[in-house]
Amino acid sequence: MNKRISLTRYLVEQQRMDGHIPAQLRLLLEVVARACKRISLTVNKGALGGGLGSAETENIQGEMQKKLDIIANEVLIEANEWGGHLAAMASEEMDGIYIVPNRYPQGEYLLMFDPLDGSSNIDVNVSIGMIFSVLIKPEGPGVSAQDFLQPGHQQVAAGYCVFGPQTTLVLTVGDGVAMFTLDREQGSFILTAENMRVPDDAQEFAVNMSNMRHWDTPVKRYIDECLQGKDGPRGKDFNMRWVGSMVADVHRILTRGGVFLYPWDQREPEKPGKLRLMYEANPMGWLIEQAGGAASTGKQRILDVQPTKLHERVSVFLGSKNEVERIARYYSEA
Ligand code: AFP
C-alpha cells in the first residue's frame, strides 16, 4: 500500500470503481467516521471531559450504563438522523429502534451499533471502541424492528473504531478490509492499511479464562490442548491475550492473527452466549471473513444465523480459519 489518502478520497474512489459504493452509503460511512472523531475526543479527555463513571441507569441488557455509553449513543444518533441516508437506527443502549423523525428525509439504510464497546475498561484507560453494521431496509412503507432482523450475510457495510493509543477505523463494504488512522492535526482519517489478511493458523487465543469451569466440552477441549502447548496434541505453544474490549481483541487478531472466543456458559444455559449478534458478532464476523478468516457459533456460520430479536445473543468463535474450523469440528464430534 503506497498512498496515504483520506477516508473521503478512498470512499470516492471505491464509488467510482464501477459504483462499488452507492453515494448514500458513502455519505453514511463518512458521517459515522465523523461521529467517531467526536467520541474519540471525549474519550481522550477522560476525567477532564466528564466521560468517566456510571450513569446510574440500566440498558435493556440489564447492564449498568456508563456516562460514555449514553454520550456515544447520542453523538451517533444526532450525527446520522438528518443526512437522508437512514430510515432507522438500533443500538445496544436503546430498547427499541430509533426511527428517523419525519422532519428529515427517510433514507434506504438501517444502522446498528454498539456505541461504546468495552464499557468495563472506560474508567481504567484501556482501549475501548464502537462497532457498527449497515443493512438495506426491505421495500415497503414505514420501518419496524422486524426490518432489522436480517442475517449477517446481508450486511452492506460493517466496521469498528478503536479508541486506544491511536484512533483507528476499520471497515468493509464487501471488497476486503481497510484501516484508517485518525490524524489529529489534520482532523481526518488517513488510509494506513488495505486488504488486511488474517493468517489461517494462529498461536494466540483470546478468551476470559476465569469462565473456564462453566464452558461446554468442545471449548474446554480446545483450550486444554492449547494450554498443553508443544508437549500436547497441538505440538506448538500458544499465547493468551484478553483485553475485555471485543474491538481491541479483534483488532489484534486482524493485525497479527489469533482466535477470539466468547462461548456459551452453563451459568445462563438459556442464553446462547454473552455477545450480541446484530451489532457485535455480525459486523466483526464479516470483517474477519473479508480478511480471510472465519466466524462461527460452533454449530453454524455466524453470518447465516437468522435473527429473531434485536438484542439477540450468540456464542462467538472468530479469527484464524483453521482454529475456528477446529473448534467447529470439536462441536460436531461432541
Ligand atoms: P461491556 O461493553 O459491557 O464492557 O462488554 C464488553 C463485551 O461485550 C466485549 O467487548 C468483550 O469482549 C466482553 O464483553 C468482555 O466480557 P467479560 O467482561 O466477561 O470478559
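Strand E3 (residues 86–91) is joined to strand E5 (residues 109–117) by 5 bridges, and the two strands run parallel; helices (H or I, at least four residues) and strands (E, at least two) are DSSP runs numbered from the N terminus, and two strands pair if DSSP finds at least two bridges between them. This is a predicted model, in which local features need pLDDT of at least 70 and side-chain atom pairs count only at pLDDT 80 or more, while totals for chains, interfaces and linings use all residues. Residues are numbered from 1 along each chain as its sequence is written, and side-chain values use heavy atoms, with hydrogens and water left out.

Within E5, Leu-111 is the bridge partner of Met-89. Strand E3 is also joined to strand E4 (residues 98–99), by 2 bridges and in antiparallel fashion, and these two strands form a hairpin with 6 residues between them. Strand E3 is mostly covered, since 6 of its 6 residues are buried, where buried means under 20% relative accessible area, exposed over 50% and partly exposed in between (1.4 Å probe, protein chains only).

A further sheet is open and contains 5 strands in the order E12-E11-E13-E15-E14, with mixed pairing. Its edge strands, E12 (239–240) and E14 (294–296), each pair on one side only. Strand E14 is joined to E15 (residues 316–319) by 3 bridges, and the two run antiparallel; Phe-317 in E15 is the bridge partner of Ser-296. Helix H6 (residues 277–290) has 13 of its 14 residues buried and is followed by Gly-292, whose phi is positive, near 90 degrees.

Counting contacts as heavy atoms within 4.5 Å, and leaving out residues up to four places away in sequence, Leu-169 touches Leu-7, Ala-33, Phe-132, Tyr-160, Cys-161, Ala-178, Met-179, Phe-180 and Phe-189.

Rings of Phe, Tyr and Trp (its six-membered ring) pair if their centres lie within 6.5 Å, with planes under 30 degrees apart counted as stacked, over 60 as edge-to-face and the rest as tilted; by this rule the count comes to 4 aromatic pairs. Tyr-10 and Phe-180 form an edge-to-face pair, 5.1 Å centre to centre with 75 degrees between the planes. Because Tyr-10 lies in helix H1 (residues 7–16) and Phe-180 in strand E9 (residues 177–183), the pair ties together parts that are 170 residues apart in sequence. Elsewhere, Trp-242, Phe-260 and Tyr-262 form one aromatic cluster.

A search of the whole structure finds 0 disulfides (pairs of cysteine sulfur atoms within 2.5 Å). Cys-161 is in no disulfide, and the nearest cysteine sulfur, that of Cys-36, is 4.1 Å away.

The table gives the accessibility of selected residues.

| Residue | Relative accessibility | Class |
|---|---|---|
| Tyr-10 | 7% | buried |
| Cys-161 | 0% | buried |
| Phe-180 | 0% | buried |
| Cys-226 | 2% | buried |
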